[in-house]
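Please look over the sequence and the structure before reading the points below.

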Amino acid sequence: MDDKERLGNPATGAGLSRRGFLRAGAAVGAMAAGAGAARAEEQPDPLITEVQPWASGWGDGVDATPYGLPIRFEDDVIRRNVPWLTADTISSINFTPIHALDGTITPTGCAFERHHSGAIELAKEDYRLMINGLVDQPLVFTYEDLERFPRVNRTYFLECAANSGMEWAGAQLNGVQFTQGMIHNMQYSGIPLRLLLEEAGVKPEGKWVYVEGADASSNGRSIPLEKAMDDVLVAIKANGEALRKEHGYPARLVVPGWEGNMWVKWLRRVEVTDEAVQSREETSKYTDTLADGTSRKWTWVMDAKSVVTSPSPQMPIKHGKGPLVITGMAWSGRGAITKVDVSIDGGANWQEARLAEPGEDMAVSRFYLEIDWDGSEMLLQSRATDSTGYVQPTKAQLRAIRGENSVYHNNGIQTWLVKENGESENVEVSS
């Protein structure tokens, strides 16, 4: 049996074959059902031996749900708000239920929202995008104009700079949805911003672009021209369908690898300038306040980060001892995830997890580690490494440099205390 046929067992130090893993899983399932094999023979499971209601009559016709929705048994997999975070939900955030998801693509209806003045309704026929400033010919594009430009399909993560922000001073919120859920990973279809800028003709003195949304907040950010001409998109679709209202319908900006506030929704204007505009969103907000009161600025890139999504506080272990799949997600704004290590003892020892697929630049990667859990407490952590060689730091390493005053760009290692009963809680292990 080669290494690929053997699954790691860090809880006991022993190996576990796939066949043994499955046998053990079946035994655990039987115990969880409260019946061993002998009892199962004496009392057959009626869910197997008897015809059930769902097999006794007609199901729904094909037109029952013209736009498909999740089955009612999954109605708990929803975005959630933390009411005390903001005075009103109009300018607030909700969180992706990453604890209940798998794979890498975030279902559009679960992808988190962040609004500064609420999600607006803007029809395609009313949409206009202006390119002005230091250009040869100011232009205005309709939605139909955008559809005529060549487009690309790219999968990227979008992470709010404040994701994990409340964890700077210690463990705060008891759930991965709330500590790390300001993120989604979707496939965008859009037009490279470069093509629109080239259509207008950028003057030699143009060094920046200022991008602005159509909502009442007029959220605007400055972006260096080099980035704008590189991989920035004007997206008109996400996950194969029209953008949702809350995600900027009918068109939004996609700024791969950079903080979510720069991904301006309901994009209405791109102004070419010779310097940064220094807007509210890039001066008083979205800067990193250090221990001495000064602030780092232009910290656009989201550094490598990872988190175990299951088991976690919202995903307890229910089956007891035995085979356990530890899973989570990792991402980096500087490149692709190349490795994720997992620790069950608070960082004292690490074991390399299995990436579901090779990492992609600025996209979420899914990792798995299969173990045989012996029922003892675990201090569960994950640590990502990206294609630049950057290794996700501990909170202590971040605080040594930046203190605890910031609310942005916290990519420190998250710890879950998994208890003997399978329940988990958010704890602080920062060394």
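Two strands count as paired if DSSP finds at least two bridges between them. The model is predicted. By that pairing rule, four strands form an open sheet with antiparallel pairing, in the order β17-β18-β22-β21. The structure also holds nine aromatic pairs.

**Sheet**
- The edge strands, β17 (305-310) and β21 (354-355), each pair on one side only.
- Strand β18 is joined to strand β22 (residues 365-373) by nine bridges, and the two run antiparallel.
- Methionine 329 stands opposite arginine 366, a residue of β22.

**A tilted ring pair**
- A pair of aromatic rings is described by the distance of the centres and the angle of the planes.
- The ring centres of phenylalanine 157 and tryptophan 331 are 6.5 Å apart and the planes are at 55 degrees, so the pair is tilted; stacked would need planes under 30 degrees apart, and edge-to-face over 60.
- This pair links distant parts of the chain: phenylalanine 157 is in strand β7 (residues 152-159) and tryptophan 331 in strand β18 (residues 322-331), 174 residues apart.
- Phenylalanine 157 has a relative accessible area of 0%, so it is buried.
- Tryptophan 331 also counts as buried, because its relative accessibility is 0%.

**Other aromatic contacts**
- Trp208, Trp258, Trp298 and Trp300 are linked into a cluster by ring pairs.
- Tryptophan 350 has arginine 383 over its face, at 4.2 Å from the ring centre.

Definitions and conventions: Residues numbered from 1 in each chain as written. Predicted model: local features only at pLDDT ≥ 70, side-chain atom pairs only at ≥ 80, totals over all residues. Heavy atoms only, no water. Phe/Tyr/Trp six-rings, centres within 6.5 Å; stacked < 30°, edge-to-face > 60°. Buried < 20%, exposed > 50% of the residue type's maximum accessible area, 1.4 Å probe, protein only. Lys NZ or Arg CZ within 6 Å of the ring centre and 35° of its normal.
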